[in-house]
Amino acid sequence: MHILVGTDGSDGAARAVGLAARLSAHLKAPLRIVHVVTVDDPPLDAHNDHASIAHARAEDLGAVEVHAESLAGNDIAETIMEVAHRDDVDLIVVGKRGLTRVTGLLLGSVSQKLVSAARCAVTVV
């Protein structure tokens, strides 16, 4: 079992990292943390290096074989799916933003796209 969690520093992502870390600890499954940086994001520094912040939290929660990376990408969901395919991931865990169903349909969302297009199981927290 390999677990991947996407993070962007939001409250939903923090919940996703927590769940993924606890699953990793319980199942002794490697955990991959991905932060996709888009052109709209500010340059990474200690305050917004969400992959490193999530890595430390995951280790504190007992996750095993934790690897974190920040990747440039225009489409967050596509980038997460590419990493999941590359690393033969069995489960993707992501947070939700709390959009209403109608807003989510109109705007699209990372979690919605992952649920419908990923080749592995997806858990939305």
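R32 and E69 form a salt bridge, with 3.6 Å between their closest N and O atoms; the term stands for a side-chain nitrogen of Lys or Arg within 4 Å of a carboxyl oxygen of Asp or Glu. This pair links distant parts of the chain, with R32 in strand β2 (residues 30-37) and E69 in strand β3 (residues 64-72), 37 residues apart. Helices (H or I, at least four residues) and strands (E, at least two) are DSSP runs, numbered from the N terminus.

Before we go on, a word on the model and its numbering. This is a predicted model, in which local features need pLDDT of at least 70 and side-chain atom pairs count only at pLDDT 80 or more, while totals for chains, interfaces and linings use all residues. Residues are numbered from 1 along each chain as its sequence is written, and side-chain values use heavy atoms, with hydrogens and water left out.

Back to our opening pair. R32 is partly exposed, at a relative accessible area of 22%, whereas E69 is buried at 18%. Here buried means under 20% relative accessible area, exposed means over 50%, and partly exposed lies in between (1.4 Å probe, protein chains only). Around E69 you will find R32, I33, V34, H35, A51, V83 and R86 in contact, not counting residues up to four places away in sequence; contact means heavy atoms within 4.5 Å. G12, by comparison, is 57 residues from E69 in sequence and 19 Å from E69 in space, C-alpha to C-alpha.

R32 has another partner to look at. D87 forms a salt bridge with R32, and the closest N and O atoms are 2.8 Å apart. D87 sits in the loop between α3 and β4 (91-94) and R32 in strand β2, so this pair ties together parts that are 55 residues apart in sequence.

How many salt bridges does a search of the whole structure find? The search finds six. One of them joins D75 to K113, with the closest N and O atoms 2.6 Å apart. Since D75 lies in the loop between β3 and α3, and K113 in helix α5 (residues 110-117), the pair ties together parts that are 38 residues apart in sequence. Both ends are partly exposed: D75 has 29% relative accessibility, and K113 has a relative accessible area of 28%. Elsewhere, salt bridges that share partners join R32, E69, R86 and D87 into one network.

In soluble globular proteins, nonpolar side chains tend to be buried together. A nonpolar core is a set of buried Ala, Val, Leu, Ile, Met, Phe, Trp, Tyr and Cys residues joined through side-chain atoms within 4.5 Å. The largest one in this model has 15 residues, and V5, L31, I33, A58 and V93 have the most contacts inside it. At least two residues of this core come from each of β1 (3-6), α1 (11-27), β2, α2 (50-60) and β4. The largest share, four residues, is supplied by α1. Leaving aside neighbours within four places in sequence, A58 is in contact with A21, L31, I33, A63 and V66. There is also a second, separate core of 14 residues, including V36, A77, I92 and L114.

H50 is buried, with a relative accessible area of 17%, and touches T7, D8, G9 and H35 once neighbours within four places in sequence are set aside.

Next come two backbone details. Most residues other than glycine have a negative phi. K28, in the loop between α1 and β2, has a positive phi near 55°, and is exposed with a relative accessible area of 61%. D88, in the loop between α3 and β4, also has a positive phi near 55°, and is exposed at 57%.

On a 1 Å grid over the protein atoms alone, a pocket is an open set of points where a 1.4 Å probe fits, with protein on both sides within 12 Å along at least five of seven lines; lining residues have an atom within 4 Å of a point. The volume of the second largest pocket is about 200 Å³, counted as the space filled by probe spheres set on the points, which are joined across faces, edges and corners. Helix α3 (residues 76-86) gives the largest share of the lining, five residues.
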